[in-house]
Structures are given as C-alpha cells and as structure tokens.
Amino acid sequence: MNPTWSRFNITSIVLGFAFLYLPIVLLVVFSFNESKLVTVWGGFSTKWYVSLFHNQGLMDATWVTARVAVISATVATVLGTLAALTLTRYTRFKGRMLFSGMVFAPLVMPEVITGLSLLLLFVAVGLDRGFLTVTLAHITLTMCFVAVVVQSRLMTFDRSLEEAAMDLGAPPVKTFFQITLPVIMPAIVSGWMLAFTLSLDDLVIASFTSGPGATTLPMKIYSQVRLGVTPEINAACTILIAVVAVGVIIASLANKRREVQRQRDEQAAQRG
Amino acid sequence: MSNAAVTAATTSSAADAGKSALARLGEAFVGRLVIIIPYLWLVFFFLIPFVIVFKISLSQTAIAIPPYTPVLGFGDGLSGLLDQLKQLSIDNYTWLTQDALYVNAYVTSVIVAAISTVLTLLVGYPIAYGMARAPATLRPTLLMLVILPFWTSFLIRVYAWIGILKPEGLLNQLLLASGVINQPLIILNTYTAIFIGIVYSYLPFMVLPLYSALEKMDYSLIEAAKDLGCPPTSAFWKITFPLSLPGVIAGCLLVFIPAVGEFVIPDLLGGSQTLMIGKTLWNEFFANRDWPVSSAVAVILLLLLIVPIMLFQRAQARAQEQDK
C-alpha cells in the first residue's frame, strides 16, 4: 500500500519539472520575438521562421542530418537487437565479458574520446570523411542504446511462448519472427526512435568524423551559436523540438492503443 | 537450441530426416551469426580505434597527411616496420605531465564533474522520491515527463541557458526588476554556469535509476519503523536511502563519467575562462591540429575513467541478474 503523497513530494515534483521545462518554453517563446535581441520581447512575429527557410546552408544541413539519422537508426536497430539477443540468450560463449563491456562502455564514454578514436580509424583505413563516416560512427554509438532498450524487454519475455511454438514444430528462425519479434516490437520501435534522436542531436562525434560535404544540423547550429545568439536559431530549435515531440506523442499513443487492445483480447479470452 | 533440435528430430518423419539435419545446420549457423555480426562490428568500430589512438599517442606531429609520423605500414618491408616502431616514444606523455595546463585541466574536470554529480543527486532525489510516492495512475505520465526533455536536443537545451544566464539575460532581468539585486549577476562564462548546465542536462539520467530503485521499495518497512517510534528523518537514512543505493550508484556513474569529458557545456556556458579536459582535447585537435597530443590526452582521460566505467558495468550486470 502506498502512503500519502505529501506536500513536500508534490512541491519537489513541480519545482523539478519547472526546472526541466522552463528553459525550453522560454526558447520557444522567444523564437516568435519580433526583436533581433533574443531576450527582449518586441512583439509577436514569425519572420524568423520565414528567414530560416531561405537559409540554404541550414536547409542543406537539415537534409544531411535527416538522412544520416534515418539510415544509422535503422542499421543500429538491427545490430542492437542482435546484440540484445546475444546478451540475453547466449549466456556462455568465449569473450562474452568483452562483448558486454563493448555494449555498455559506449553509453558513458565521453564523446570526445569516441569521436577522436573513430576518426583515427577512418584515417587509418583510408576512408574519406563525409556522409558515410558520420553514419558509421552514429551506428556504432546508437546500437548500444538500442541493445540496452531491447535487452530490458527480452529480460521480462515469457520464454514458454517460444517453447510452445517450437514444441508445435516451428523452427527457431520462424519462431523468432512469428512469436519473439512481435512481442518485443514496442521496444524495438522505441530503440529506433532513441537512435534516431541521438543521431539527430549529436555534435561532438559528427564534428570529428564528418567531412566538408556533410555538415550536420547540430554542427551548423553550433557554429552559428559561437557567432552569437539569434532568434533564427531559436526558430530552428523550436522546429526540431516540435518534430521530436510529435513523434514521441504519436509513438506513445500507438503504444497505449496496442496495450488497451491487448488487455481487451486477454479479457475476451478469459471470458472464453 | 538443443531443445529445438530434439523437437525437430522427433516431429519430423524419417523421410525428410536429411532435410531437417540440413535445417539444423542452418539454424546453428544463424545462431552463430546473431553473436558474430554485432561482435565484429563493435570490435572493429569500438575496440580497434582505441588501439589506433594509443599507437598515435606515441607518434610525433608532422606537417603531412595524416599529420603524424611514423605512419605504420609494410611499405618498406618488415625491417622498415621495425624502424618505424623504434620511432615511437612516450614524449607526448612526459610533455602532458610536465605542462601545468593539462594537469590542471584533468584535476578541474574531475572536481567539476564530482561537484555536479552531487548537485544532480541533491536535485534529482526529491523528484524521484516524489514520483515513486505519486498515485500509481499518475506515475507513467510523470515518467514520460522526465524522459521527454531527454528526447530534445542536448545542444538546444544547453543553448537555451545562454539566453537565461547572460548579463542582460532573462534571469538578471527578473532579479533586477524585482529589486533582489542592483547589479546584474555574472553567471555565464563561469564554473557556476557549467554546474547549472550539467545538472540540467543530466538530470533525467539521475532521476530514472533513482526512481526505479525507489519504486520497487516496500513502504510497509517505513510504516513498521514509524509504528515502532522511529522519526521520519532517521527512517529515511536507515531504510529508504540504503535501499535506494543501487539507484544512487547507477545515477551518479551515469552523470559523473560523461561529465568529466564533457565538451558542449563547458564550451558554450563556461567560455574561455574555464578549463576542462574535453575542451582541451577539442582545441588540441581542431585548433592546433596536433593529433598525437590529442590522442595522448584521450588515453589519459580513458585511464582516469576506466575504474568508474568498470564499476558501471558491474552495476549493470548486477541489475540484470536481479531482473532475472
């Protein structure tokens, strides 16, 4: 039984969320500022959004970033799911310690180290820096996050479902695609989304591994921030936030609907 | 795997026994691939790069492409390679340990990360505690609200603070207008701004493990303590806090390790007056184009962090065991 939710608890939650959300809200509000000064309100205007769409450099960078994020998130989801399966299903094989180390270490590794080491690898094998190298770097980083997300779902997976399918004669590969995959699908989808946003967001690793033709949006934003804070950057940030927020809300609604459907099915099955 | 093989053998008729043997071989091969593909990927893109970083940290800077010497290769045969190996030296490391700038940067980074971690824990604990005691129907929403900022760009969230902390920024406008201060506070481009930036950016990493530890807790323990006359504060320190310790450790490591090598926050909020090792490495690489020295900086940073990283790994493995 849960005890009362005290006033102290409520206050700390409200203050905590205010701290988390206020800076983002202010950023969005000031993207609609008429004045060129970011922090002085000069009336409502959407002119920064208009000028944003005429900024060719920013538009190019957005296109590069979107492609890198989609490709790297997709490959990372496949590799990360395989890594999660390895971690949960194959408990003893040579080098398992090393493998789990290589999956967990990138989660906390400072980005400057990962970025530098990947760049030196690409130079050593003679790969030109550009679109391909950024994508490879992002796959390596994000597959570990996917692995952790999918792994936690596999942990709670009821394996008797698989055993039942195999007892009925389904070969393991078929069992995987017909039983296991549908059950862990929500985790795979959220793994993909996490990989996508991490790639969309990354400045440090992209700066090390990218070449002249492949400037990503964070790199572009960063170089503009260094020159000074402008409402145009606020507008670009607001659009990015909106895209991610819409994606997350759609995904969680879809998840909820699936959950409700599942409960209904279960109830129907029990009524028989 | 063996279970499946047995089932496959018993259910298949003698006529297609040959086919099922082939299929079994196929299944075993697929099972191998599941391990091999991610394994090889991580060895090639995660492990080998570290070996290369280590090797280049022993090289010398050169005006060439790539900008270091020697470039190891079999171009001159085996004896040529041996000659090249002899050129490797630990000069970069002696230089790093003798230059006060680098030593300072390492020490400051560890101190800044440690202080920030404690601050994040102090801010995050009451939030996680409040969430864990919230009505069960409200918890998924609260959890979602903690995760949501994590989905928005790190760079954007750090950028947002520039507008707030600037001398003519929103915080100073508010404080000046309300008469709390007469002079604008100088926060941007100081260590205070870095602390704020790290606490803000890494807060979800602290709250999530704390919440999952606190949520699992059995509250009847607290009630029992209360019934036996234990005051709330000592009940907290004797029961709640020790039980949440796995979450505290995981959260602190998740904040501390990346914070030591943080680049974006010290660069955008700390300005040129603050010194942190992630920024030093970045400048060494991008401004000075000194690849061997930046590699040496990275190797020492990695050595500093190897113990916390191994602790993190062990904590993860233990959490995994408990879930089973």
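Tutor: A residue is called buried if 20 or more other C-beta atoms lie within 10 Å of its own, exposed if 12 or fewer do, and partly exposed in between, with the C-beta atoms placed from the backbone. This is a predicted model, in which local features need pLDDT of at least 70 and side-chain atom pairs count only at pLDDT 80 or more, while totals for chains, interfaces and linings use all residues. Residues are numbered from 1 along each chain as its sequence is written, and chains are lettered from A, with ligands numbered from 1, in the order in which they are written.

With 22 C-beta neighbours inside 10 Å, B:Phe256 counts as buried, and B:Phe256 belongs to helix H12 of chain B, residues 245–260. Helices (H or I, at least four residues) and strands (E, at least two) are DSSP runs, numbered from the N terminus. Setting aside residues up to four places away in sequence, B:Phe256 touches B:Ala113, B:Ala114, B:Thr117 and B:Pro308, where contact means that the C-beta atoms of two residues, placed from the backbone, lie within 7 Å. B:Ala319, by comparison, is 63 residues from B:Phe256 in sequence, and the two C-alpha atoms are 19 Å apart in space.

Stepping back to the whole chain, chain B has 15 helices and 2 strands, and 40% of its 324 residues count as buried. Among the contacts in chain B with a separation of 6 or more, 70% come from residues 24 or more positions apart.

Where they meet, 10 residues of domain 1 of chain B are in contact with 9 residues of domain 2 of chain B. On the domain 1 side, the elements that give two or more residues are helix H2 (17–57) and strand E1 (60–61) of chain B, and H2(B) gives the most, with 4 residues. By class, this side of domain 1 has 6 nonpolar, 4 polar and no charged residues; here Ala, Val, Leu, Ile, Met, Phe, Trp, Tyr, Cys and Pro count as nonpolar, Asp, Glu, Lys and Arg as charged, and the others, Gly among them, as polar.

B:Asp290 sits in the loop between helix H14 (277–286) and helix H15 (291–323) of chain B, and because it has 17 C-beta neighbours inside 10 Å, B:Asp290 counts as partly exposed. Not counting residues up to four places away in sequence, B:Asp290 touches B:Thr61 and B:Glu284.

Leaving aside neighbours within four places in sequence, B:Val297 is in contact with B:Leu96, B:Tyr102, B:Ile277, B:Thr280, B:Leu281 and B:Glu284.

Helix H10 (residues 220–227) and helix H11 (residues 232–243) of chain B pack at an angle of about 145°, with their axes 10 Å apart; axes are lines fitted to C-alpha atoms, for helices over the stretch in contact, and angles run from 0 to 180 degrees between N-to-C directions. In this pair, B:Leu221, B:Ile222, B:Ala225 and B:Lys226 of H10(B) meet B:Ala235, B:Ile239 and B:Thr240 of H11(B), a contact with 5 nonpolar, 1 polar and 1 charged residues.

Chain B also has a partner, as 70 residues of chain A are in contact with 84 residues of chain B. Helix H1 of chain A, residues 7–30, supplies the largest share of the chain A side, 12 residues, and by class that side has 54 nonpolar, 13 polar and 3 charged residues.
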